[in-house]
Amino acid sequence: MTKRFLMGRGPARVIAAAALCLSSALVSPATAARAAPAAARFDLPEPPSADVARDELAELDVEAPHSMTGYSRAKFPHWATQQGQCDTRETVLARDGRDVRTDAQCRAVAGSWVSPYDGKQFAVAGQLDIDHVVPLANAWRSGADKWDTPRRKRFANDLDSPQLVAVSAASNRQKGDQSPDQWKPPLKSYWCTYARAWTHVKHTYDLNVTKPEQEALVDMLDTCGG
């Protein structure tokens, strides 16, 4: 079973986040596990169509990877507070899961998730990672080495672009910081969505691609069909 990106609106996610954190704050830790499900799900922003993604890909500069000198994940501050007690990780878990319940600290204590990379199902939030579709290290090699800290923080916590997704820890760690020419989601049926998302994030942040990365994205976009 795979899961498609769904259309979302920024303001709606902010309102829903406030409702989620407010409802959590009103529930004592002792009764959190029995609390009603979160009032709303957050919908991951829909990447552009394959045709638009192809146009965006054609506009990206093709360059050799930048040096990793000076790179550190700490230069991309995450997870940032989104609303109340809810940070970016907990917000994505609430958005990507079903019947997610949270405690007073906004931690997911119940729910179900399907990892779109490999189709694995989970009922424990701790078994999921929040993946940066375009990894932080890849972004550094693609131009983020020239950014200031606020822009890197925005990139690492971006809920408006299709950049963050809850996936199995195993698939996230297999991926590491690899680009699509080096790693693709095990579920080939997800390649279309993944390529659209990857391309759009790079286009949004004016990041570069390598030639092998560009060719791999073209191949993946070709799986989108008509």
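**Helix packing and local geometry in a predicted model**

Among contacts in the protein chain between residues at least 6 apart in sequence, 77% join residues at least 24 apart. The model discussed here is predicted.

Colleague: How many helices and how many strands does the secondary structure of the protein chain come to?

Modeller: The protein chain has 226 residues, and buried residues make up 50% of them. Its secondary structure comes to eight helices and seven strands.

Colleague: At what angle do H7 and H8 pack, and is the pair oblique or roughly antiparallel?

Modeller: Helix H7 covers residues 191–204 and helix H8 covers residues 211–221, with their axes 8 Å apart. The packing angle is about 135°. Roughly antiparallel would need an angle over 145 degrees, so H7 is oblique to H8.

Colleague: How do the residues of the contact of H7 with H8 divide into nonpolar, polar and charged?

Modeller: H7 contributes Trp191, Cys192, Tyr194, Ala195, Arg196, Trp198, Thr199 and Lys202, while H8 contributes Glu213, Leu217, Met220 and Leu221. By residue class, they divide into eight nonpolar, one polar and three charged.

Colleague: How are H2 and H8 oriented to each other, roughly parallel or roughly antiparallel?

Modeller: Helix H2 spans residues 50–59, and its axis comes within 11 Å of that of H8. The two axes cross at roughly 170°. Angles over 145 degrees count as roughly antiparallel, and H2 and H8 are therefore roughly antiparallel.

Colleague: Which residues of H8 make the contact with H2?

Modeller: On the H2 side the contact is made by Ala50, Ala53, Arg54 and Leu57. The residues of this contact of H2 with H8 divide into six nonpolar, one polar and one charged. On the H8 side they are Gln214, Leu217, Val218 and Leu221.

Colleague: What is the handedness of the crossing of H2 and H7?

Modeller: H2 and H7 pack at an angle of about 45°, with their axes 9 Å apart. That makes H2 oblique to H7. The crossing of the two helices is left-handed.

Colleague: How do the residues of the contact of H2 with H7 divide into nonpolar, polar and charged?

Modeller: Ala50, Ala53, Glu56, Leu57 and Glu59 in H2 meet Arg196, Thr199, His200 and His203 in H7. These divide into three nonpolar, three polar and three charged.

Colleague: How many residues of helix H3 are buried, and which residue caps its N-terminal end?

Modeller: H3 runs over residues 88–96, and nine of its nine residues are buried, so the helix is largely enclosed by the rest of the structure. The buried residues include the charged Arg89, Glu90, Arg95 and Asp96. At the N-terminal end, a side-chain oxygen lies 3.1 Å from the backbone nitrogen of arginine 89, and the capping residue is aspartate 87.

Colleague: Is asparagine 138 buried or exposed, and with which side chain does its own side chain make a polar contact?

Modeller: Asparagine 138 lies in helix H4, residues 136–141. Its relative accessible area is 4%, under the 20% cut-off, so asparagine 138 is buried. Not counting residues up to four places away in sequence, it touches Asp177, Ser179, Trp198 and Lys202. The polar contact, at 2.8 Å, is with the side chain of lysine 202.

Colleague: What is the phi of cysteine 106, and is the residue buried or exposed?

Modeller: Most residues other than glycine have a negative phi. Cysteine 106, in the loop between strand S3 and S4, has a positive phi of about 70° although it is not a glycine. At 1% relative accessibility, cysteine 106 counts as buried.

Colleague: Is aspartate 206 buried or exposed?

Modeller: Aspartate 206 lies in the loop between H7 and H8. Its phi is near 55°, a positive value in a residue other than glycine. With a relative accessible area of 62%, which is over the 50% cut-off, aspartate 206 is exposed.

Note on methods: Residues numbered from 1 in each chain as written. Predicted model: local features only at pLDDT ≥ 70, side-chain atom pairs only at ≥ 80, totals over all residues. Heavy atoms only, no water. Helix = DSSP H or I, 4+ residues; strand = E, 2+ residues; numbered from the N terminus. Buried < 20%, exposed > 50% of the residue type's maximum accessible area, 1.4 Å probe, protein only. Polar contact = N/O pair within 3.5 Å; in protein donor to acceptor, adjacent residues only side chain to side chain. Contact = heavy atoms within 4.5 Å. Axes fitted to C-alpha atoms, helices over the stretch in contact; angles between N-to-C directions. Parallel < 35°, antiparallel > 145°, perpendicular 65-115°, else oblique. Left-handed = near helix turned anticlockwise from the far one by under 90°.
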